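Please read the following report alongside the sequence and the coordinates. Which elements pair, which pack, and which residues lie at the contacts?

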Amino acid sequence: MKLGVFVNQYTKQNDTLDRLKADKVGIILVQNGVYNATIKEKGVKSSVLDKGTEVYALSEDLQSRGLDPSGIDSKVKVVDYGGLVDLVFNDYEKFIWL
Amino acid sequence: MASKKFLFMVDKLPYKAESSRLALTHAIASQTVDIHLDEDDEMEEPVIAFVGDGVLNCMKGQKALECYGVTSLEMHIKNALLTDIKVLICKEDVERLGLSEDNLIMDAEDIGADMQSEIVPFDDILQQMEKSNHILYF
C-alpha cells in the first residue's frame, strides 16, 4: 500500500504515525504541520520528518506563516497546491489525515 | 485617573484556530476604546504576551494575505505596536524553538509605530500576571 499521511498539527509526538506500516508512507505537511519542516526545538529536528519515505510541505502554508521555503529541512520537498493534487492522483493510493 | 490592566496571553499557534487573532483584536480594542471614554471613566491598559508555541505568531514575513486572502498575524501584531500596546515574547520559548530577534516581529517602523516588541524571560511575564487585574488566556 502507498499511503499518504496529511499532518496538520505541530505536536511533539504522534503515536499513530509511529504505528503505521506501508510499502511507502508519504508525509504531507499542511497548515500548522509545516512547522515540523522548519522548527528545531533545542536544535533537534522534528521526529515527524523521520516517519515517511517522502516528506512534503505545502508552500502556501509555509509562506503564510513566515517560514522561508528555502530554509527547511533538506528531506522535505516543497509543493504548491498543483503539486499536491499531482501527489494525490499519481503517487499514493490511500490517504489519512492526522 | 484609574486604570485596569489586562494581560492577553497567547500560547496557541496562528491560523489553525482564531485564538491568537482574537487576543490581538481584543487587546487593540481595549487600547483604542479610550477615545470613547470620559475623563472620569476607568482606562484600560492591555499587554500581550506570547508564550510556548504561541511565540510562532511573531514570525516575520507572514504572507497569509497573499496566499489565502486573510490578514496575517504579523499585521495584527504591528497594529498592536502602532497603538502602543506592550508586546512581550517569552525568551525561553524563543530559544527552545531555535529562533532569534532576526526571525521575529520586533518593531513596526514601516507603519510608523514607536513601540517595540520585547523578548523577556518568563519570570517577567509572571510579574506582568501579578500586576494585571485580569488575565485572558488564548
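This is a predicted model: local features need pLDDT of at least 70, side-chain atom pairs count only at pLDDT 80 or more; totals for chains, interfaces and linings use all residues.

Residues are numbered from 1 along each chain as its sequence is written, and chains are lettered from A and ligands numbered from 1 in the order in which they are written.

**The sheet of chain A**

Helices (H or I, at least four residues) and strands (E, at least two) are DSSP runs numbered from the N terminus, and two strands pair if DSSP finds at least two bridges between them.

The table gives some bridge partners.

| Residue | Bridge partner | Strand of the partner |
|---|---|---|
| A:K2 | A:K24 | β2(A) |
| A:V5 | A:I27 | β2(A) |
| A:G4 | A:F95 | β5(A) |

**A loop residue of chain A**

A:S46 is found in the loop between α2 (35–38) and β3 (54–58) of chain A. A:S46 is buried, with 24 other C-beta atoms within 10 Å; a residue counts as buried if 20 or more other C-beta atoms, placed from the backbone, lie within 10 Å of its own, as exposed if 12 or fewer do, and as partly exposed in between. Not counting residues up to four places away in sequence, A:S46 touches A:N36 and A:I39, contact being defined by C-beta atoms, placed from the backbone, that lie within 7 Å. The C-alpha atoms of A:S46 and A:D18, 28 residues apart along the chain, are separated by 13 Å.

**The contact between the chains**

In the contact between the chains, 15 residues of chain A meet 18 residues of chain B. Helix α3 (residues 59–64) of chain A supplies the largest share of the side of chain A that touches chain B, namely 3 residues. By class, that side has 4 nonpolar, 6 polar and 5 charged residues, where Ala, Val, Leu, Ile, Met, Phe, Trp, Tyr, Cys and Pro count as nonpolar, Asp, Glu, Lys and Arg as charged, and the others, Gly among them, as polar.

**A helix pair of chain B**

Helix α1 (residues 19–32) and helix α3 (residues 73–82) of chain B pack at an angle of about 25 degrees, with their axes 10 Å apart. α1(B) and α3(B) are therefore roughly parallel to each other, since angles under 35 degrees count as roughly parallel, over 145 as roughly antiparallel, 65 to 115 as roughly perpendicular and the rest as oblique. Among the residues of this contact are B:L24 and B:I28 in α1(B) and B:L73 and B:I77 in α3(B); the residues of the contact divide into 6 nonpolar, 4 polar and 1 charged.

Of the 10 residues of α3(B), 8 are buried, so this helix is largely enclosed by the rest of the structure. The cover of these buried residues includes α1, β2 (43–50) and β3 (86–90) of chain B. Just after α3(B), B:D84 takes a positive phi of about 65 degrees.

Conventions: Two residues are in contact if their C-beta atoms, placed from the backbone, lie within 7 Å. Axes are lines fitted to C-alpha atoms, for helices over the stretch in contact, and angles run from 0 to 180 degrees between N-to-C directions.
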